[in-house]
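Please examine the model displayed below. The paragraphs that follow begin with a single residue and then turn to the chain as a whole.

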Amino acid sequence: MSSGGNLRQVTLATVIAAASGYVVLLLAARQLGAASYASFAVFWAAYGIVTGAQNGQLQETTRAIRSGAESGSRRPGFWRRPLGVNVAIGLGLALIVAATSGLWAPHVFDADVGLSVALLTVGVASFAVYAHLSGALSGTLSWRTFAALLSFDALIRLAGAVTAFAMGLSLNAFLVITVIGSVSWMLALGGSSTARRVIGLDADVAAQTFTINTLTAMAAALASAVLVMGFPVLIRITAPGSDDAAVIGAVILAVTLTRAPLLVPLNSFQGVLITRFVDRRTRLAAALGIPLAAVLGVGLVGAIAAWAVGPWLLTTVFGGGYHLPGITLAWFTIGATMLASLTISGACVLAVGEHRWFALGWWLATAASIGLLFVPLGVQGRVAVALIVGPIVGVGVHIAGSLRAS
């Protein structure tokens with residue numbers, strides 16, 4: 001199949017993932033109500049923070065295997081290959097989550113703390129292999145198998161949500177659904193010879209350098225995860241006691257929904273973006289400009305649509321407890337557009353090997369967003385300001401790093 005056909009399969013898989021995500025959110029919101037939905041969304045966000053940091057494994061594996069594709073594999077021992085490094089990182093991260101849970105879990109999870117920690121621990125260990133396999137498939141341009149892996153992940157979670165909704169299950173079922181998709185790598189390895197062939201490939205650098213690069217990428221990806229998946233946790237933590245829990249739940253849902261149309265596809269296409277920038281290192285400005293322009297155009301149209309029909313959609317689909325003004329939804333959509341732009345600029349600066357600039361951009365964006373959540377505005381106003389201004393700071397840092405590299 002041609003590369004265009006393979007990329008169309010990735011696009012289709014991305015649409016499936018986005019649609020599945022929307023359905024899971026819809027079913028959870030309808031089943032749980034605004035207050036309980038906030039608890040579900042916080043666990044979803046906590047899982048997203050940790051696994052979002054593990055996207056650094058995907059990103060560096062993609063870069064290292066793509067850059068080393070022409071040099072041939074040295075085939076070192078298991079623990080000195082990218083797979084062994086990523087497995088060790090995943091196990092170490094799971095151990096850290098479990099060992100430190102007593103310090104933070106009671107303040108983050110307000111129900112079934114033990115179950116939440118157990119699911120989080122198992123989920124991040126499994127996700128390490130998922131991230132590695134995704135990166136290996138991206139780095140070898142194995143888009144057909146990558147699309148299948150992405151679809152497995154989304155459809156497993158969707159099937160669980162439909163089952164839970166049909167059976168009238170409670171919050172605990174939706175907690176399990178949050179992490180269950182991370183086992184999709186087992187299906188891919190069992191059914192695809194391509195997945196089995198690429199999972200053990202070597203990198204373009206030695207194991208020590210690969211480990212350092214991966215941890216640096218994960219540090220940046222952690223900041224990304226805080227902004228992308230972990231924002232509901234930040235909203236909950238920074239909300240004064242006077243804020244209505246139902247309003248917080250509505251804001252969390254609105255932020256999630258306005259982000260999904262841009263960020264779900266971009267997260268799925270991170271491997272595609274990194275390989276694009278690696279292959280076009282001598283024409284970096286043009287390679288970066290096209291996806292940035294596309295995202296800004298889509299975001300502008302989305303903001304207008306959110307202002308015009310967003311309030312009606314929220315109350316019609318999710319219920320009257322989720323009402324927010326149209327202008328608020330428009331600002332949230334613009335914030336999602338800025339965050340999507342930061343994701344693209346980050347992929348660019350990482351692809352050219354500027355790992356420190358990659359991390360610096362994301363962490364400055366995160367610090368700015370967290371600080372702006374304390375401005376003396378209502379929850380809707382301070383969330384909108386934080387969503388927009390923080391990512392703009394990070395984009396500027398990434399562009400400076402890309403210019404330095406070029």
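T337 belongs to helix α13, which spans residues 326–351; helices here are DSSP runs of H or I with at least four residues, numbered from the N terminus. The model is predicted, so local features need pLDDT of at least 70 and side-chain atom pairs count only at pLDDT 80 or more, while totals for chains, interfaces and linings use all residues. Residues are numbered from 1 along each chain as its sequence is written, and side-chain values use heavy atoms, with hydrogens and water left out.

With a relative accessible area of 4%, T337 is buried (under 20%, with a 1.4 Å probe and protein chains only). A polar atom of the T337 side chain lies 2.9 Å from the backbone oxygen of T333. Beyond its neighbours within four places in sequence, T337 is in contact with L262, V295, L296 and G299, where contact means heavy atoms within 4.5 Å.

The chain as a whole contains 15 helices and zero strands. Its radius of gyration, 20 Å, is close to the 22 Å that the globule rule gives for 406 residues, so the chain is as compact as a globular protein of that length; the radius is taken over C-alpha atoms, and the rule is 2.2 Å times the number of residues to the power 0.38. Along the principal axes, the C-alpha atoms fill a box of roughly 60 × 45 × 45 Å.

Of the 406 residues, 56% count as buried. Among contacts between residues at least 6 apart in sequence, 82% join residues at least 24 apart.

Definitions and conventions
Helices (H or I, at least four residues) and strands (E, at least two) are DSSP runs, numbered from the N terminus. Buried means under 20% relative accessible area, exposed over 50%, partly exposed in between (1.4 Å probe, protein chains only). A polar contact is a pair of N or O atoms within 3.5 Å; within protein, one must be able to donate a hydrogen and the other to accept it, and residues adjacent in sequence count only if both atoms are side-chain atoms.
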